[in-house]
Amino acid sequence: MQILQHIPVWVFFLLLGLIALGLQQTRTRHIPKPRLLGINIALTVFTLVGVIQQWSPTPWLALGLLSWAASCALVAWGLGQGAAPAGASYDADTRRFTVPGSWLPLALFMAIFVCKFVVGMLTATAPEHIHNLNAAIGISALYGFFSGVLNARAWRLLKLQTDTVRV
């Protein structure tokens, strides 16, 4: 109970916001490109800032950033090569994407939240477990993985737009 008392109130609002945003993703939506990219950009920045904040005053920052970038790029490239999800399309007339509902974004939002929460708790309660090279590389790679999966999904959807232009 003592731990819960020291958690800032904004953390609970962030959790509720991520749950609401994730639940919206479970329904099929017709969205413009900026909205499609907005969530991905925001969460990619969120994980990148997590790396910077966590290891900024330490000598592990550079390796953390490298680990994050490599993981994000490799996962996004690897998973981004696939086809768009079934039911996804792009309408050139309305310039909107039809994005089928999926539970994956909610799962990723919760994974990012839990990871950042656990890292924050460990930093506050047991910093000896978090302030080392292995943690910097591993946690940063995990943040990059989450961002890469989100960006790969968006990349596969964006390819629908270029495919429509070619036809």
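Analyst: Let me begin with a bridge: S89 has T98 in β3 as its bridge partner. This is a predicted model, and in it β2 and β3 pair in the antiparallel sense over three bridges.

User: How many residues sit between the strands in the hairpin of β2 and β3, and which one takes a positive phi?

Analyst: The hairpin has four residues between its strands, and R95 takes the positive phi, near 55°. R95 is placed in the loop between β2 (89-91) and β3, and it is a residue other than glycine. Most residues other than glycine have a negative phi.

User: Is R95 buried or exposed?

Analyst: R95 counts as exposed, because its relative accessibility is 60% and the cut-off for exposed is over 50%.

User: And which strand do the bridges join to β3 besides that, and in which sense do they run?

Analyst: Strand β1 is joined to β3 (residues 96-99) by four bridges, and these two strands run antiparallel. Within β3, V99 is the residue that stands opposite R29.

User: Which residues of β1 are on the covered face and which on the uncovered one?

Analyst: In β1, which covers residues 29-32, R29 and I31 make up the covered face, while H30 and P32 make up the uncovered one. In a regular strand the side chains alternate between the two faces of the sheet.

User: Switching to helices, what should α3 span, and what do its end C-alpha atoms give?

Analyst: The 23 residues of α3 should span 33 Å at 1.5 Å a residue, and the end C-alpha atoms are 33 Å apart, so the two values agree. For α5 (residues 104-125), with 22 residues, the distance from the first C-alpha to the last is 31 Å, close to the 32 Å expected.

User: Which residues are buried in each of them?

Analyst: In α3 the buried residues are L36, I39, N40, L43, T44, T47, G50, V51, Q54 and W55. In α5 they are P105, L106, L108, F109, I112, F113, C115, K116 and V119.

User: How much of the contact pattern joins residues at least 24 apart in sequence?

Analyst: Among contacts between residues at least 6 apart in sequence, 84% join residues at least 24 apart.

User: Now zoom out: what is the overall pattern, and what does the C-alpha trace span?

Analyst: The secondary structure comes to six helices and three strands, and along the sequence these follow the pattern α-α-β-α-α-β-β-α-α. Along its principal axes the C-alpha trace spans about 55 × 35 × 20 Å.

User: And what about burial, surface and charge?

Analyst: Of the 167 residues, 38% count as buried. The accessible surface comes to about 9400 Å², and carbon and sulfur atoms account for 70% of that surface. As for charge, the protein has 11 positive and 4 negative charges, and their mean positions are 2 Å apart.

Methods. Residues numbered from 1 in each chain as written. Predicted model: local features only at pLDDT ≥ 70, side-chain atom pairs only at ≥ 80, totals over all residues. Heavy atoms only, no water. Expected span 1.5 Å × (residues − 1). Buried < 20%, exposed > 50% of the residue type's maximum accessible area, 1.4 Å probe, protein only. Pairing = 2+ DSSP bridges. Contact = heavy atoms within 4.5 Å. Areas by Shrake-Rupley, 256 points an atom, 1.4 Å probe, with all protein chains shown as cover. Lys, Arg positive; Asp, Glu negative; His and termini not counted. Charge placed at Lys NZ, Arg CZ, Asp CG, Glu CD.
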